[in-house]
Amino acid sequence: SSYYDSYGDHEGEAVYDITQKTITGDGTLADNCYIKNRTGLDIDFNASRQKPLTFKVSKNSSSPQVLIYHTHTSEAYLDETVDYYYESYYSRTQNEAFSVVAVGDVITQTLQNRGINTLHDKTVHDSTYDGAYDRSAQTVRADMEDNSSIKVVLDIHRDALGTEARKVKPVFEYNGKQAAQIMVLSGCDYYGERDFDNWRNNLDFALKIQNTAEKMYPGMTRPLSFDF
């Protein structure tokens with residue numbers, strides 16, 4: 001449907017490999033979490049993980065509690081589970097059925113089904129790549145001004161590993177089924193350069209998410225990325 005066709009006619013095109021890999025066991029270990037600490041700061045991640053949350057998500061609320069958006073809205077996926085791709089494959093699309101927006105839809109519906117009112121903002125921020133983060137920040141500010149009830153904001157991406165001629169697909173297995181690994185990113189503003197005073201609470205929450213995910217589905221997460 002107006003998107004790349006893995007099984008289409010690709011005669012004469014170069015074919016590239018997709019390699020599966022489970023990424024784990026790298027970085028600092030805190031309970032069930034591995035953390036890639038790229039800041040150089042001496043952070044007690046275990047103590048951070050055990051701190052109480054500074055907010056509470058209300059179930060069955062009539063107002064949004066969670067905001068999901070995408071800085072890189074057009075990040076796309078292959079249309080089939082294959083271990084190759086042709087040179088004509090382009091990993092961005094405005095077709096939401098094959099982009100990271102589809103992932104946001106599933107997360108939103110899953111939270112809604114559990115009584116957590118969730119707003120999914122599908123605004124396109126990467127019609128040009130430069131400036132996408134500035135544009136998405138404007139979207140978040142506007143959504144939060146309109147919905148003061150929002151407690152959690154998630155920027156959902158599709159990660160890209162490998163090179164133009166070889167892609168790496170991070171996966172794990174649970175109960176005999178294969179799924180994609182996720183990676184949680186948590187920013188740091190230790191020196192107060194980014195007007196991100198809430199970064200410690202953000203880290204506490206990120207570690208709780210990762211630790212819970214690993215307890216429920218071992219191998220689900222790649223090491224958490226903690227960086228400036």
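The buried residues of helix α4 (199–216) are covered by elements that include β2 (28–30), β3, α1 (45–50), β7 (152–155), β11 and β12. Contact here means heavy atoms within 4.5 Å, and buried means under 20% relative accessible area, with exposed over 50% and partly exposed in between (1.4 Å probe, protein chains only). Helices (H or I, at least four residues) and strands (E, at least two) are DSSP runs numbered from the N terminus. The model is predicted: local features need pLDDT of at least 70, side-chain atom pairs count only at pLDDT 80 or more, and totals for chains, interfaces and linings use all residues. Residues are numbered from 1 along each chain as its sequence is written, and side-chain values use heavy atoms, with hydrogens and water left out.

- Helix α4 has 18 residues and spans 26 Å from its first C-alpha to its last, close to the 26 Å expected at 1.5 Å a residue; the expected span is 1.5 Å times one less than the number of residues.
- Buried residues of α4 include Trp199, Leu203, Leu207, Gln210 and Glu214.
- The largest nonpolar core has 14 residues, and those touching the most other members are Ile35, Ile43, Phe45, Leu203, Leu207, Leu224 and Phe226. Such a core is a set of buried Ala, Val, Leu, Ile, Met, Phe, Trp, Tyr and Cys residues joined through side-chain atoms within 4.5 Å.
- At least two residues of this core come from each of β3 (33–37), α4 and β12 (224–227), and α4 gives the most, with four.
- Beyond its neighbours within four places in sequence, Leu207 is in contact with Cys33, Ile35, Phe45, Ser48, Arg49 and Leu224.

- Asn198 lies in the loop between β11 (185–187) and α4 and is partly exposed, with a relative accessible area of 43%.
- The side chain of Asn198 makes a polar contact with that of Asn201 at 2.7 Å. A polar contact is a pair of N or O atoms within 3.5 Å; within protein, one must be able to donate a hydrogen and the other to accept it, and residues adjacent in sequence count only if both atoms are side-chain atoms.

**Aromatic pairs**

- Rings of Phe, Tyr and Trp (its six-membered ring) pair if their centres lie within 6.5 Å; planes under 30 degrees apart count as stacked, over 60 as edge-to-face and the rest as tilted. The count by this rule is twelve aromatic pairs.
- Tyr4 and Tyr89 form an edge-to-face pair, because their ring centres are 4.9 Å apart and their planes stand at 70 degrees.
- Tyr4 lies in the segment before β1 (15–21) and Tyr89 in the loop between β5 (84–86) and α2 (100–113), so this pair ties together parts 85 residues apart in sequence. Both tyrosines are buried.
- The rings of Tyr190 and Trp199 are also edge-to-face, with centres 6.4 Å apart and planes at 65 degrees. Tyr190 is partly exposed at 42% relative accessibility, whereas Trp199 is buried at 5%.
- A cluster linked by ring pairs holds Phe45, Tyr190, Tyr191, Trp199, Phe226 and Phe228.

**Strand β9 and its partners**

- Strands pair if DSSP finds at least two bridges between them. Strand β9 (residues 166–174) runs parallel to β1 over five bridges, with Ile18 opposite Lys167.
- Strand β8 (residues 161–163) is antiparallel to β9 over three bridges, and a hairpin of two residues joins β8 to β9.
- Strand β10 (residues 177–180) is joined to β9 by four antiparallel bridges; in the β9–β10 hairpin, Asn175 takes a positive phi near 50 degrees.
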